[in-house]
Amino acid sequence: MDKKIEEILNIWHKHFADEANQYSEYEASDIEYFVGCMLYNHFAFSKAHHNLKTMDLSYDFLSACGDEYEMIQKMIAEIKFEDETEALAFLQNYIQEAKAKYTKPELYLLDRLDYHVSAMAERYAKNVDVQKIDFQNPLLKK
C-alpha cells in the first residue's frame, strides 16, 4: 500500500483504538472506507455520475475523527497523478488492499465504494460518457 496512505490509516486507527473516540456502530473498516471517499473526492473524476461527484463523509465519522482531519486532508491533497486513469487505478488498488484486511461482514461500506468505483472504471475503459438519470422518470435518460 502507498506509504502516505499507510500513514493516514495508522493515524486514524490509532485515534479510534481509544473507545472514547468511537461513535455508535463504529467498525474499523470505516476508516478505510472514509479514506477511500476522501481520495475519491480529491480526484474529482469526470466520469462520476452527476449525483455522485463527491462522496459524503458521515457526521458521526467527522465529529469523531479528531484534530487529525485537517492534517489528513492536506496529506491526501498532496497525492497527484498525471491523469484520471492513473488516479482511478490508485483508488481501485487502495480499495482492494483495504478489503483484504477485513472479513465479509466488515466490508459493507467498502463493498459499496468498490461497486461505485468499478462501475465508473467501466465507463473509463469503454470511454463512455456519464448519462444523467432523470429521477422523476428513471426510465428516461438524458
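Visitor: Leaving aside its neighbours within four places in sequence, which residues is Phe-34 in contact with?

Guide: Happy to start there, and please keep in mind that this is a predicted model. Phe-34 sits in helix α2. Beyond four places in sequence, the contacts of Phe-34 are Tyr-23, Asp-56, Leu-57, Ser-58 and Phe-61.

Visitor: What separates the C-alpha atoms of Phe-34 and Phe-61?

Guide: Phe-61 is one of the residues that Phe-34 touches. Along the chain the two are 27 residues apart. Between the C-alpha atoms of Phe-34 and Phe-61, the separation is 8.1 Å.

Visitor: Let's turn to Glu-32. What relative accessibility does Glu-32 have?

Guide: Glu-32 also has its place in helix α2. Glu-32 counts as buried because its relative accessibility is 0%.

Visitor: Which side chains make polar contacts with the side chain of Glu-32?

Guide: Glu-32 touches several residues beyond four places in sequence, among them Leu-9, His-13, Lys-101 and Tyr-102. Another, of 2.7 Å, links the side chain of Glu-32 to that of Tyr-102.

Visitor: How do α1 and α2 lie relative to each other?

Guide: Two packed helices are described by the angle between their axes and the distance between the axes. For α1 (residues 3-17) and α2 (residues 29-43), the axes are 10 Å apart and the angle is about 135°. That angle makes α1 and α2 oblique to each other.

Visitor: Which residues of α2 make the contact with α1, and what classes do the contact residues have?

Guide: On the α1 side, the contact is made by Ile-5, Ile-8, Leu-9, Trp-12, His-13 and Phe-16. On the α2 side, Ile-31, Glu-32, Val-35, Met-38 and Leu-39 take part. By class, the contact has 9 nonpolar, 1 polar and 1 charged residues.

Visitor: Where α2 packs with α4, what is the handedness of the crossing?

Guide: The axes of α2 and α4 (residues 68-77) come within 10 Å and cross at roughly 50°, so α2 and α4 are oblique to each other. The crossing of α2 and α4 is right-handed.

Visitor: Which residues of α4 make that contact?

Guide: From α2 come Val-35, Met-38, Leu-39 and His-42. The contact of α2 with α4 has 7 nonpolar, 2 polar and no charged residues. From α4 come Tyr-69, Ile-72, Gln-73, Ile-76 and Ala-77.

Conventions
Residues are numbered from 1 along each chain as its sequence is written. This is a predicted model: local features need pLDDT of at least 70, side-chain atom pairs count only at pLDDT 80 or more; totals for chains, interfaces and linings use all residues. Side-chain values use heavy atoms; hydrogens and water are left out. Axes are lines fitted to C-alpha atoms, for helices over the stretch in contact, and angles run from 0 to 180 degrees between N-to-C directions. Helices (H or I, at least four residues) and strands (E, at least two) are DSSP runs, numbered from the N terminus. Angles under 35 degrees count as roughly parallel, over 145 as roughly antiparallel, 65 to 115 as roughly perpendicular and the rest as oblique. Contact means heavy atoms within 4.5 Å. Ala, Val, Leu, Ile, Met, Phe, Trp, Tyr, Cys and Pro count as nonpolar, Asp, Glu, Lys and Arg as charged, and the others, Gly among them, as polar. Buried means under 20% relative accessible area, exposed over 50%, partly exposed in between (1.4 Å probe, protein chains only). A polar contact is a pair of N or O atoms within 3.5 Å; within protein, one must be able to donate a hydrogen and the other to accept it, and residues adjacent in sequence count only if both atoms are side-chain atoms. A crossing is left-handed if the near helix is turned anticlockwise from the far one by less than a right angle, and right-handed if clockwise.
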